[in-house]
Amino acid sequence: MTAIVPTYNGAETIGRTLESLAAQTWPALEILIGDDGSTDATPRIIAEFAATRDDVRIVHRPENLGWLGNSNDLMSRASGEFSFFAFHDDVVEPTYVERLARALMDDDAAILAFSDMTVADTDGTVRTHTFDLLEGVESPADRGTVMADRPFDWWVPNRGLFRTAAYERTGGIHRNRSGEYSADWTWLLHLSLLGGFVRVPEVLCHKHYTKKSLSKSWPHDPVQQAHLLRAGIDEVLGSSASMRTKAIVGGRLIRRILRAKRRAMRGAR
């Protein structure tokens, strides 16, 4: 079991992330930290944490790879059969790994298990987020169709436990023409074609946004969204899914692109 901890200038929050990993009830956990050239106190905090444990590996990067490059490299180094992302602004409950691991081990057809989660925004508001649209959905085409629509809270499963082999089967998380923008969506879209998503209906993960959180810097404009949809098509076509599944899910994405173009044309008149 590997906790993948990509971090960059996360001194404000990474301490509590690491403390929550240390508190896990799962008996054997590898904590793999990738420091992406931080210039704040992050290197000191993770070094002090590692000095107290024998299950921590730290990768220090001389150059900043960005969260995709950092995350992909860490996935390639993970030694566990299962992995999960512990982003430096996330905190997980002590039973997080245990509950998700049991759920994933009980379902051989599943690729990922995830829980409900709370998100604390920068204005102090806290909301609970759940994603139940894939519960009981067994067909890769049906799962892909759900994810192709990018429904509300589609990102919640990214705080889940996945089979580490998924990294090799997908080639990791891919950039799109807008760089790292929402690249976790194409990752989850690809995973949905490989296996089921098991939801554990408990709040086991808590995200704490800060003003420096990467996704807060994205404008989510039509250009970015168009690039993302095209990347989704590439992800589907490059998967090992059947031709029928590729046609169904890829067709769904093409229709979304065409609808967006029609809306843009109407707006320009």
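In helix 5, the buried residues are Ala141, Arg143, Gly144, Thr145, Val146, Met147 and Ala148. That makes 7 of the 9 residues in this helix (residues 140-148), so helix 5 is largely enclosed by the rest of the structure. Keep in mind that you're looking at a predicted model.

- Just past helix 5, have a look at arginine 150, which takes a positive phi of about 45 degrees.

**Helix 7 and helix 8**
- Two packed helices are described by the angle between their axes and the distance between the axes.
- Here the pair is helix 7 (residues 183-194) and helix 8 (residues 222-237), with axes that come within 9 Å and cross at roughly 30 degrees.
- Angles under 35 degrees count as roughly parallel, so helix 7 and helix 8 are roughly parallel to each other.
- The crossing of helix 7 past helix 8 is right-handed.
- So who meets whom? On the helix 7 side you'll find Trp185, Thr186, Leu189, His190 and Leu193. They meet Leu228, Leu229, Ala231, Gly232, Glu235 and Val236 of helix 8.
- Sort the residues of this contact by type and you get 7 nonpolar, 3 polar and 1 charged.
- An α-helix has 3.6 residues a turn, so residues three or four places apart point the same way.

**Zooming in on alanine 231**
- Alanine 231 belongs to helix 8, and is one of the residues there that meet helix 7.
- Is alanine 231 buried or exposed? With a relative accessibility of 15%, alanine 231 counts as buried, because the cut-off for buried is under 20%.
- Leaving out residues up to four places away in sequence, alanine 231 touches Asn176 and Thr186.
- Thr186 is 45 residues away from alanine 231 along the chain, yet their C-alpha atoms are separated by 7.1 Å.

**Zooming in on aspartate 89**
- You'll find aspartate 89 in the loop between strand 4 (82-85) and strand 5 (90-92).
- What does aspartate 89 touch, not counting residues up to four places away in sequence? The answer is Thr13, Thr17, His206, Lys207, His208 and Ser213.

Technical notes: Residues are numbered from 1 along each chain as its sequence is written. This is a predicted model: local features need pLDDT of at least 70, side-chain atom pairs count only at pLDDT 80 or more; totals for chains, interfaces and linings use all residues. Side-chain values use heavy atoms; hydrogens and water are left out. Axes are lines fitted to C-alpha atoms, for helices over the stretch in contact, and angles run from 0 to 180 degrees between N-to-C directions. Helices (H or I, at least four residues) and strands (E, at least two) are DSSP runs, numbered from the N terminus. Angles under 35 degrees count as roughly parallel, over 145 as roughly antiparallel, 65 to 115 as roughly perpendicular and the rest as oblique. A crossing is left-handed if the near helix is turned anticlockwise from the far one by less than a right angle, and right-handed if clockwise. Contact means heavy atoms within 4.5 Å. Ala, Val, Leu, Ile, Met, Phe, Trp, Tyr, Cys and Pro count as nonpolar, Asp, Glu, Lys and Arg as charged, and the others, Gly among them, as polar. Buried means under 20% relative accessible area, exposed over 50%, partly exposed in between (1.4 Å probe, protein chains only).
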